[in-house]
Amino acid sequence: MNKKYQQIDLCLSPSFMIFSGIFLLLLISLINCTNKPSATLKTWLYPGYNEKNCGFAPAGYVGEITTPSVKWSHAIDFGTSVVLTDDIDGDDKIEIITVSRRSTESRKQQRLTVICLENDGTQKWKWQTPHYFISNGSYPNTDPGEKVWGCATLVGGAIIVNKQIVIAETVKHQYYGGEVDFNGYLICLNSDGTVAWSYHTLEGDPNFVTAYDIDKDGVIEVIAGTDEPGCIYCLNSDTGELEWSNSNSNITELENGAAIADIDRDGELEIVTVDERKGGMCFTSNGSIKWMCPDGPHETWPAIHDIDGDGKMEILGSAEIVYCMNSDGTIKWTKPYGEPEEYGGKSVITLGDINDDGISELIYLEKTNVVCKNAETGNTIWSYKTPEDIEFSSAVLACDIDGDEEIEILFTGRTNHAFYCLSFTGALEWKLDVLFSPMGSFAITDTDNDGSVEVIFGTDNKVYCIDKKD
């Protein structure tokens, strides 16, 4: 028989066809697992899961939202500051964790409250701190002779670690004599809302928490920063025990989050943060100060990325200036943060290649503008001005939210009660109006495990889930 036909007969043999069919099924399964986020994967939020604070959704986190719609909403009593998502109880369903200040009926006494929602928005459990935030001048009789406030930090005040929720709570004590004392707690909640551990930060009130195995011992550490006075803490995430702390006199106000990476490629991880009085700070994995940059930023969330491909990381952010620092703490470039009247406070940034041109871009929010800059030079690429004079919430995220294989930019408007989506060129793709003011961070995850992501964000009265319009 002709060799050509012998080869065809072999290819069409039953054993070959069975093998080919099995291989094809395995290949399809692998593709589905790779491209579709599921409840068994770590979900993504900002800041928190992304230890470098770059604001990009991981590959495979793709949505189908070309026309947005509210899939569900859940009413709350008082503003949501942090939204977290993960399958914290192992039931193969995503839970939504919201951190807010919940008030009594009269709204005169507010308490830090954590609410766990099912993936359809129904409440699963609620936990409240024993500390009150007093808003009307009356004080509980928990400790005669002093007034006590308790509240949560906004973006960055909570994180999910090993299926547990770690929260930073500020507690302010004002004594009748007028003396004010700041301290707080780092509180870890189990997946059912019970307290796993609590650590009292006596040397200041905690403003942010992040987590990473910074000493490479197989156990994740919780990193927290405080002010009044300033201190950086490192706790064992399993037990809540203190591993180290640093209250060096050079540390005054650590309020703006931290990013963790081996920024100088020396084989050791560094913790990069910003002191509001002393500027940029870098700590080693054991808590000692590696460098300070007094001429750098004083109010910003740092993000870490190798923007020029030299193998070392740069640190970028925006607040009173837009800045880029080298891995040794020297200034690479700075740019003005808009006009003085446009300054709207701290902005959490997005950092990465949004237009797939091989060059990293930096996205940040001004009072009425969303700005895109070349991350290597700081030069502006485009700027989107909102039609309304709005106040942004602090987070901006990047994700292919509509499945067109192009990155979109997502952010919220607080004063006009809206959620925005821009194209990677800065053009408005859609805007969704809601009834209440968006606050704090938001999350992108596949709540219903259908292969496309939804957006979860909180407002001063509701938590919303946004999906495609049916």
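The structure is a predicted model, in which local features need pLDDT of at least 70 and side-chain atom pairs count only at pLDDT 80 or more, while totals for chains, interfaces and linings use all residues. Residues are numbered from 1 along each chain as its sequence is written, and side-chain values use heavy atoms, with hydrogens and water left out. The protein holds two helices and 34 strands, where helices (H or I, at least four residues) and strands (E, at least two) are DSSP runs numbered from the N terminus.

**Overall make-up**

- Of the 470 residues of the protein, 54% count as buried, a term that stands for under 20% relative accessible area, with exposed meaning over 50% and partly exposed lying in between (1.4 Å probe, protein chains only).
- The protein exposes about 19,300 Å², of which carbon and sulfur atoms supply 51%; accessible areas come from the Shrake-Rupley method with a 1.4 Å probe, and for residues only the protein chains shown count as cover.
- Among contacts (heavy atoms within 4.5 Å) between residues at least 6 apart in sequence, 48% join residues at least 24 apart.

**A four-stranded sheet**

- Four strands form an open sheet in the order β12-β13-β14-β15, with antiparallel pairing, and two strands pair if DSSP finds at least two bridges between them.
- At the edges stand β12 (205–212) and β15 (242–246), each of which pairs on one side only.
- From one strand to the next the twist averages 20°, with axes being lines fitted to C-alpha atoms, for helices over the stretch in contact, and angles running from 0 to 180 degrees between N-to-C directions.
- Strand β14 (residues 231–236) is joined to β15 by four bridges, and the two run antiparallel; Tyr233 has Ser245 in β15 as its bridge partner.

**Aromatic pairs**

- The structure holds six aromatic pairs, in which rings of Phe, Tyr and Trp (its six-membered ring) have centres within 6.5 Å, and planes under 30 degrees apart count as stacked, over 60 as edge-to-face and the rest as tilted.
- One of these pairs is the stacked one of Phe411 and Tyr420, at 4.9 Å centre to centre with 5° between the planes; Phe411 is buried at 0% relative accessibility, and Tyr420 is buried at 1%.
- Phe419 and Trp430 also form a stacked pair, with 6.1 Å centre to centre and 20° between the planes.
- This pair links distant parts of the chain, as Phe419 lies in strand β30 (residues 418–423) and Trp430 in strand β31 (residues 428–433), eleven residues apart.
- Phe419 is buried with a relative accessible area of 0%, and Trp430 counts as buried at 6%.
- One aromatic cluster is formed by Phe419, Trp430, Phe442, Phe457 and Tyr464.
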